[in-house]
Amino acid sequence: MQNSGARELPVTVEVDAETGRWSVDGLPMVLVPQHLLVNNLDAVERHVGRDSAAELFRGAGRRSARHWCAHEATRLGLSGAAIVRHYLDRLSRRGWGRFEIDELDPGHGVLQVRVAHSALLPVAGSTRSVDRACYLFEAWLEGALEYASEDPSRVAVREIQCAVNAKECVFTSN
């Protein structure tokens, strides 16, 4: 039975005929169910606590965002605010949520972003934090802003509102 409400993917996915691995824009990608990701975050948070989990993932998230931005900057010739906008557009297109920029000035380390429909929100049976469930995005936004500003020393992003208890998540720098 075909799903009449189905849409084409909002990004082009290339599948390697030999390995079956997916890539988007030349970078390897993995499609996983949302509950797999959220349940793994739950397990880490139960084991080490939410704040420790956030710090545990922060370095990897920043590094990954900088890597993605560097790849796309080279591929598309983007820099500064344009690379951050492109990054958030691609996160939105890949199903992480709907990212909307309210304020962006990479040169001064300024960013405010709203995220509706976050993929990191708790799922059925989840025990995730209700005040900062989407903290993984903090590091991703820091990494993108660091790349765009070329000065990683002044960038810190914090989730100040979570969609568990509100319409959307809000992230702000400094």
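Buried means under 20% relative accessible area, exposed means over 50%, and partly exposed lies in between (1.4 Å probe, protein chains only). Keep those cut-offs in mind on this tour.

This is a predicted model: local features need pLDDT of at least 70, side-chain atom pairs count only at pLDDT 80 or more, and totals for chains, interfaces and linings use all residues. Residues are numbered from 1 along each chain as its sequence is written, and side-chain values use heavy atoms, with hydrogens and water left out.

**Stop 1: Trp96 and its ring partners**

Select Trp96. Its relative accessible area is 22%, so Trp96 is partly exposed. Trp96 sits in the loop between H3 and S4, while Phe137 belongs to helix H4, 41 residues apart. Helices (H or I, at least four residues) and strands (E, at least two) are DSSP runs, numbered from the N terminus.

Trp96 and Phe137 form an edge-to-face aromatic pair, 6.4 Å centre to centre with 90° between the planes. Rings of Phe, Tyr and Trp (its six-membered ring) pair if their centres lie within 6.5 Å; planes under 30 degrees apart count as stacked, over 60 as edge-to-face and the rest as tilted. Phe137 is buried, at 0% relative accessibility.

Trp140 lies in helix H4 and Trp96 in the loop between H3 and S4, so the pair ties together parts that are 44 residues apart in sequence. Trp140 counts as buried at 15%.

With Trp96, Phe137 and Trp140, they form one aromatic cluster. The whole structure holds 6 aromatic pairs.

**Stop 2: the nonpolar core**

Which residues have the most contacts inside the largest nonpolar core? Select Tyr87, Leu88, Cys134, Phe137 and Phe171. This core has 38 residues. A nonpolar core is a set of buried Ala, Val, Leu, Ile, Met, Phe, Trp, Tyr and Cys residues joined through side-chain atoms within 4.5 Å.

Colour the elements that each supply at least two residues of this core: helix H2 (50-76), helix H3 (80-93), strand S4 (98-105), strand S5 (110-116), helix H4 (136-149) and strand S7 (169-173). H4 gives the most, with 8 residues.

Zoom in on Tyr87. Leaving aside neighbours within four places in sequence, Tyr87 is in contact (heavy atoms within 4.5 Å) with Ala65, Trp68, Cys69, Trp140 and Ala144.

**Stop 3: the salt bridges**

A salt bridge is a side-chain nitrogen of Lys or Arg within 4 Å of a carboxyl oxygen of Asp or Glu. By this rule there are 15.

Select Asp51 and Arg132. Their side chains meet in a salt bridge, 3.3 Å from N to O. Asp51 is in helix H2 and Arg132 in the loop between S5 and H4, 81 residues apart. Asp51 is partly exposed at 47%, whereas Arg132 is buried at 4%.

Move to Arg62 and Glu142. Their closest N and O atoms are 3.3 Å apart, in another salt bridge. Arg62 lies in helix H2 and Glu142 in helix H4, so the pair ties together parts that are 80 residues apart in sequence. Both residues are buried.

Show the network that salt bridges link: Arg50, Asp51, Glu55, Arg58, Arg62, Arg66, Arg132, Glu138, Glu142 and Glu146.

Finish at Arg75 and Glu72. Their salt bridge is 2.8 Å, N to O. Both lie in helix H2, 3 residues apart, about one turn of the helix. Arg75 is partly exposed at 41%, and Glu72 is buried at 0%.
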